Each structure stands twice: as C-alpha cells, then as structure tokens.
Amino acid sequence: MGKTTLAALLVLRLAARGLTPVLAVDADPNSCLDLALGLPAPGSVGALREEAREAKGMSKHEFLEYRLAECLAEGDDFDLLAMGRPEGPGCYCFANSVLRDLTSKVAGRYPHVVLDNEAGLENLSRRLAPSVDLLILASDPSARGLATAARIRGLAAELGILAARTALAVNRLTLPLSDTARALAGDLDADFLLELPEDAALAALDREGAPLTALPGHNALVRAVDQFLDRILSPNP
Ligand SMILES: Nc1ncnc2c1ncn2[C@@H]1O[C@H](COP(=O)(O)OP(=O)(O)OP(=O)(O)O)[C@@H](O)[C@H]1O
Ligand SMILES: [Mg+2]
C-alpha cells in the first residue's frame with residue numbers, strides 16, 4: 001500500500017537533491033506512476049508484439065532501440081519507462097521481458113533507478129531488475145498487511161532476489177505504530193523502518209489527479225521521505 005506514492009516521492013526527492021537523472025520504472029500495468037510524477041505517459045513497452053518484430057525483420061537489438069525511443073518519457077530531472085498495458089491477452093510475459101531488457105540496457109546511465117512494482121507475490125518471480133540495492137516492502141499498519149510484507153520478503157529470498165538491504169515502509173499511519181505492529185515489523189528484521197503518515201494534502205491532490213510535484217517541501221510525507229533518503233544514502237547508516 002502506497003507503493004506508487006512512495007516510488008514517485010523517492011524519484012522527486014532524489015531529483016531535488018540533484019542526484020539526477022533518476023530513472024523511474026513503472027512495472028505495474030495498472031499503475032499510474034506517470035500521473036504521480038506529472039510526466040506524459042510514455043509509449044507502452046508491450047504494445048509491439050514479438051511477431052511484429054520478426055515481420056519487420058528487426059534484430060532484437062534494433063527492436064529494443066526502437067522501443068526505447070518510443071517508451072522512454074524524458075523529463076528535466078527524471079525519465080520514465082513504463083510497461084503500459086499490453087495489447088491482447090497473454091502478452092504480459094512479452095511486455096515483462098521487453099521491460100526487463102530495456103531496464104537493464106539503460107539502468108547504468110542513471111545514478112539511481114526506482115522501480116514501482118505490482119502488488120502481490122507472483123510478479124516478483126519476473127525478476128525485473130538484475131540486482132536490487134534496496135528492496136522496500138510497503139504495508140499499511142495492520143497486522144495482516146505486515147504479515148503479508150513478511151511473506152513477500154521470504155518469497156523474494158526463496159526466488160534468489162537478493163537485495164543488499166531491505167526497508168519496511170508502513171504507510172497511512174494515523175496513530176503511532178502499535179506494539180503489535182512494532183513487534184511484527186521487528187520480526188521482519190529490515191534494515192530500515194520508514195513510517196509514513198496519512199496525509200490530507202496527498203489525498204487532496206489525488207482527488208484532483210494532480211502530480212505529487214505539487215506537495216511542498218515542508219509536507220510531512222515529503223519530510224519523512226527526505227529523512228529516509230538521508231539514512232539510505234548515508235555511507236554510515
Ligand atoms: N500516506 C497517505 N496519505 C493519504 N493518501 C495516501 C497515502 N498513501 C497512499 N495514499 C493514497 O492511496 C491510494 C493508493 O496509493 P498508491 O497508489 O501509492 O498504492 P499502491 O500500493 O501503488 O497501489 P496499487 O497496488 O494499486 O498499485 C492513492 O490514491 C494514494 O494517493
Ligand atoms: Mg501502484
């Protein structure tokens with residue numbers, strides 16, 4: 001819960017620090033990271049099918065270059081690659097593999113890459129990123145949400161998705177974390193705990209469909225993300 005919001009805020013606040021350009025990757029076909037970032041929606045990675053590539057006589061390399069030109073939305077401080085909604089049923093595997101190829105092709109050009117993943121366990125197995133510096137598990141403060149986060153962490157380990165570090169983001173807090181929630185969070189043994197408050201300004205932007213760029217620097221969510229970045233970017237966390 002709050003994955004897209006947190007991904008967008010991380011991109012915007014990395015950019016605010018001048019750690020540019022940031023690459024944002026929207027790996028959720030149902031997500032709207034473009035809206036949250038205020039970038040025009042890029043072309044859909046999965047729109048052109050494998051058969052089309054072969055019919056056009058393109059090599060895989062040419063195909064990826066061609067997709068990249070269409071699918072990378074460029075902003076001033078950050079760019080966005082989005083999976084989009086593949087055309088037709090059964091195309092998700094292809095869209096995923098193209099997004100994975102494009103991401104690994106360009107990731108090295110960016111000091112920081114933020115990937116917004118789909119909810120649930122199953123798509124972790126698609127291994128969109130070749131390596132992960134920080135895996136952030138997002139949950140609400142409920143015991144059920146935190147138990148799911150623990151399961152996802154276990155699954156990631158089983159799948160061999162080895163993140164150098166792990167963070168737990170507990171979002172939409174209206175009260176301080178309960179003792180139960182704190183104990184469950186502790187069981188997860190994450191390197192970082194990020195507590196994000198319920199935020200009325202975000203809810204208002206959401207109603208308008210406005211990008212998160214409109215949140216002021218003194219907003220509580222923005223400050224929490226800034227403090228989190230201080231910690232994860234510090235050489236001695
Ligand atoms: N801290 C918060 N305060 C107020 N509203 C919030 C907060 N976090 C998220 N929301 C709202 O909750 C909704 C879901 O958030 P978001 O899209 O970030 O979640 P998600 O985990 O990406 O969801 P999905 O699984 O659908 O991709 C959005 O409308 C968002 O604006
Ligand atoms: Mg989302």
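This is a predicted model: local features need pLDDT of at least 70, side-chain atom pairs count only at pLDDT 80 or more; totals for chains, interfaces and linings use all residues.
Ligand 1 sits in the second largest pocket. There are 15 residues around ligand 1, and those that come nearest are Lys-3, Thr-4, Thr-5, Asn-171 and Asp-206. Sorted by class, this shell has 6 charged, 5 nonpolar and 4 polar residues. Three elements each supply at least two residues of the shell: helix 1 (3-16), strand 6 (163-173) and helix 8 (200-208). Helix 1 gives the most, with 3 residues.

Some contacts between the protein and ligand 1 can be followed atom by atom. In the side chain of Lys-3, an N or O atom is 2.7 Å from an oxygen atom of ligand 1. In the side chain of Asn-171, an N or O atom is 2.8 Å from a nitrogen atom of ligand 1. Asp-199 takes part through its backbone, where an N or O atom lies 2.9 Å from a nitrogen atom of the ligand. As for cover, ligand 1 taken alone exposes 630 Å², and the protein buries 74% of that.

The structure holds 5 salt bridges, and one of them is formed by the side chains of Arg-13 and Asp-226, with an N to O distance of 2.9 Å.

Two backbone details remain. As a background to both, most peptide bonds are trans, and most residues other than glycine have a negative phi. Where is Pro-21 found? Pro-21 is in the loop between helix 1 and strand 1 (22-26). The peptide bond that leads from Thr-20 to Pro-21 is cis, and its omega is near -10 degrees.

The second detail concerns Arg-172, whose place is in strand 6. Arg-172 is a residue other than glycine with a positive phi, near 65 degrees. Strand 6 has already come up as one of the elements that each supply at least two residues of the shell around ligand 1.

Key
Residues are numbered from 1 along each chain as its sequence is written. Chains are lettered from A and ligands numbered from 1 in the order in which they are written. Side-chain values use heavy atoms; hydrogens and water are left out. A residue is near a molecule or strand if one of its heavy atoms lies within 4 Å of it. A polar contact is a pair of N or O atoms within 3.5 Å; within protein, one must be able to donate a hydrogen and the other to accept it, and residues adjacent in sequence count only if both atoms are side-chain atoms. Accessible areas come from the Shrake-Rupley method with a 1.4 Å probe; for residues, only the protein chains shown count as cover. On a 1 Å grid over the protein atoms alone, a cavity is a set of points where a 1.4 Å probe fits but cannot get out, and a pocket is an open set with protein on both sides within 12 Å along at least five of seven lines; lining residues have an atom within 4 Å of a point. A molecule sits in a cavity or pocket if more than half of its atoms lie within 2 Å of its grid points. Helices (H or I, at least four residues) and strands (E, at least two) are DSSP runs, numbered from the N terminus. Ala, Val, Leu, Ile, Met, Phe, Trp, Tyr, Cys and Pro count as nonpolar, Asp, Glu, Lys and Arg as charged, and the others, Gly among them, as polar. A salt bridge is a side-chain nitrogen of Lys or Arg within 4 Å of a carboxyl oxygen of Asp or Glu.
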